[in-house]
Structures are given as C-alpha cells and as structure tokens.
Amino acid sequence: MLEDNLDWEEFERVDMRVGTIIKAENFEAVKKPALKLWVDVGGEIGILKTSAQITEKYNAKSILDKQVVVVVNFPPKQIANMMSECLLLGALEADGVVIIQPEQKVKNGTRIM
C-alpha cells in the first residue's frame, strides 16, 4: 500500500471532465516538442487551452475531434507565450504518452469519478 494515500474528500476536489479537442497546432514557442490544444469542455466551462507533450504518438491532425479527459481546476500556468488552463491526462509509456479517452462518446463536460 502507498504511504501517501489520498482520502476521498481530496480525490473529489480534482475536477476531471471530458472534452473534445476542437483545435490543435504545433507549439513552436516551447523547448520540447508539444501541441497547443483547445478543448471544448462544454456548457459552464467552455473552451480551455493547454499544451501537451504528446508528439511521439499524435500530431495536430490526428488528435483533432478526439474526446479526452482534462483536469479543469488547476490554477492557470504560463507555458512560453500561452496560458495553460487545463491538464490533459495520459498514460506515460517508454515511447510516449497515450491520451486518456472515454470508451464511448459522452457529453462534453461530463465529470469523471
């Protein structure tokens, strides 16, 4: 068992939502290869920007229109010339990151629990 376990209340504070990538482009202003993404998280949240170092497995064209899981309640973070507003979730493998996606299409903004 891990020593630094979260309790349920801490876990509930992490606001993970499903969104659809509506725009993607190469992020030229960063040191490590990355994509700049616009994720439509629906209704009350809207469209959020983020940067993702996922270019080993994805490009701007291949990731467009994919549903993904993002954390929406981290504070914004300046990354080069862009303010990142959410965190794209993925599984880190030796040959790159595999994005986390719902098995079936769901409504943008659906909360992950």
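Trp8 is exposed, with a relative accessibility of 54%; exposed means over 50% relative accessible area, buried under 20% and partly exposed in between, with a 1.4 Å probe and protein chains only. Phe11, at 26%, counts as partly exposed.

This is a predicted model, in which local features need pLDDT of at least 70 and side-chain atom pairs count only at pLDDT 80 or more, while totals for chains, interfaces and linings use all residues. Residues are numbered from 1 along each chain as its sequence is written, and side-chain values use heavy atoms, without hydrogens and water.

Rings of Phe, Tyr and Trp (its six-membered ring) pair if their centres lie within 6.5 Å; planes under 30 degrees apart are stacked, over 60 edge-to-face, and the rest tilted. The count is one aromatic pair. The ring centres of Trp8 and Phe11 are 5.3 Å apart and the planes stand at 45 degrees, so this pair is tilted.

A charge also meets a ring: Lys23 lies over the face of Trp38, 4.4 Å from the ring centre. The criterion is NZ of Lys or CZ of Arg within 6 Å of the ring centre and within 35 degrees of the ring normal.

I turn to the core. The largest nonpolar core has 18 residues, and Leu37 is among those with the most contacts inside it. Such a core is a set of buried Ala, Val, Leu, Ile, Met, Phe, Trp, Tyr and Cys residues joined through side-chain atoms within 4.5 Å. Beyond its neighbours within four places in sequence, Leu37 has contacts (heavy atoms within 4.5 Å) with residues including Ile21, Lys23, Ile54 and Leu88.
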